[in-house]
Amino acid sequence: MKAKKVKKVLCMTMAAAMTLGLTACGSGSSSDTSAAKDTTAATEAKSEAGTDAATEAKSEAADTEQAADTAAAGEEQTLKVAAVETAYGQDMWKEVCAAFQKANPGVTVELTIDKKLEDIITPAMKSGDYPDVIMRPVGGESALTETFIKDNNIVDLTDVLSMTVPGEDKTVGDKILPGFVDNSITNPYGDGKTYLMPMFYGPCGLFYNEGLLEEKGWTVPTTWDEMWELGDKAKAEGIALFTYPTAGYFDAFFYSLMHEAMGNDNFQKALRYEEGIWDTPEAKEVFDIVAKLATYTESTTPANANDNDFRKNQQMILDNKALFMPNGNWVIGEMADAPRADGFKWGFTALPAVKDGGERASYTFFEQVWMPKGAENQDLGKQFIAYLYTDEAAGIFAEKGGAVQPIQGMADKLDGDAKLYYSIYDTGAVAVMDAFATTDPVEGVTVRTTFFDPINSLVSGDKTVDEWVEQVKKDSDALRAALK
């Protein structure tokens, strides 16, 4: 995110684009050298003698670090970095790029950052001019990252995990929190290799006005039965139980609910579209809960559930027009200047349990950084990615943008609202991170249109839950046949 959706989650749905173009970060001189080092392709292939994968990764890491030493010695190089602008803003990326330049004399970082990043970099990529490093998470409406994954157009970054963090004594892999490089998002092909590196993260769950609940004497529901009871109380006072920014925000919500209702084994089967999985009683419970929640959703929500008007839905929480909203903690920054009801105070909770005493889940949205195969400066790009996990870079991201990385010890440095959100897993919530499996392109079918977008039609009454289930089954058959 979307931290987004990182979006989110994420995808993280943003406002209208702010055109910035390509900006040089710092004053280092540019180089016209276009010869790309081919060490990545050479080391990706396993030797006929059966070279151990870990040894191979360490060898790649050593080659990359040696190349970075050459850059640090003064060789003129230009690194092209492209990052989507999210609620964290631009300043943090500009400062990180400047700090990397300072630590690597002779390197110029050309930073492209924009809310509509795809519109800026896609034309150039079509002509063969690729960024070396891209920070664009999965889940975006354009599906840029998913397209590169499906086309096998991303670089294996497993060796980065074995690289020593610049200026520190730990490897990148040692600093990253457990689970963040061992999931279906970072390892989209299921081959034990990491292609997307985890960046900013944030627990996703339900946001609400804690002040309103305190005023009414209402408690946060711990089960879905309690949620329906509260919905009836709120309705009697003219308050909707639920709203959502856009249907895209149902990714984190849906994954969490699936994990709660289906258990991890069936959850993993569902993520790979296993035949018959949607006919199980546990899957039916998921669909029934979403369908019932649609009847408790503020009726104008679908009309504003788009990239331009989504803040109107988020405003409902601040105006006490709706009680709960799925989101990530970036919403605090997005709505920082918005008007709010007297006594408003942000509250945050995991999803209610399906059964009393059952699991309560909170999806962890995290953004990802990756490298297209067309990148010319892959070794320098990997060194830049390793630098992103330094204490220096993490401090800049946190201070300038409020973005938190999944790095050991980062949560201990937080306080206030941030401490509340990042401590959700300390209070019993189960962290969920996986996503639907990557497939080859399927005409007319995407994960979002199959599993998340239909919530708009459920709320408006244009689609029944039975029609949705049939769509899921049909689309799952197509996606299963196209699995990578």
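Tutor: Quick ground rule: buried means under 20% relative accessible area, exposed means over 50%, and partly exposed is in between (1.4 Å probe, protein chains only). This is a predicted model, where local features need pLDDT of at least 70 and side-chain atom pairs count only at pLDDT 80 or more, while totals for chains, interfaces and linings use all residues. Residues are numbered from 1 along each chain as its sequence is written, and side-chain values use heavy atoms, leaving out hydrogens and water.

Student: Glu118 forms a salt bridge with which residue?
Tutor: A salt bridge here is a side-chain nitrogen of Lys or Arg within 4 Å of a carboxyl oxygen of Asp or Glu. For Glu118, the closest N and O atoms of the pair are 2.8 Å apart. Glu118 sits in helix H4 (117-126), and its partner lies 18 residues away in the loop between strand S4 (133-135) and H5 (helices are DSSP runs of H or I, at least four residues, strands runs of E, at least two, numbered from the N terminus). That partner is Arg136.

Student: Is Arg136 buried or exposed?
Tutor: Glu118 has 10% relative accessibility, so it counts as buried. Arg136 comes in at 9%, and therefore it too counts as buried.

Student: About how many helical turns separate Lys284 and Asp288?
Tutor: Their side chains meet in a salt bridge, 2.8 Å from N to O. Lys284 is exposed at 51%, whereas Asp288 is partly exposed at 35%. Both belong to helix H11 (281-295), and because they are four residues apart, the separation is about one turn.

Student: Which residue does Asp453 meet in a salt bridge?
Tutor: The N to O distance is 3.0 Å. The partner is Arg448.

Student: How much space lies in the largest pocket?
Tutor: A pocket is an open set of points on a 1 Å grid over the protein atoms alone where a 1.4 Å probe fits, with protein on both sides within 12 Å along at least five of seven lines; lining residues have an atom within 4 Å of a point. Here 42 residues line the largest pocket, and Arg448 is among the closest to its centre, along with Val138, Gly139, Glu146 and Val447. The space, filled by probe spheres set on the points, is about 790 Å³.

Student: Which element gives the largest share of the lining of the largest pocket?
Tutor: Elements giving two or more residues include helix H5 (144-150), helix H10 (250-271) and helix H18 (447-452). The largest share is five residues, and it comes from S9.
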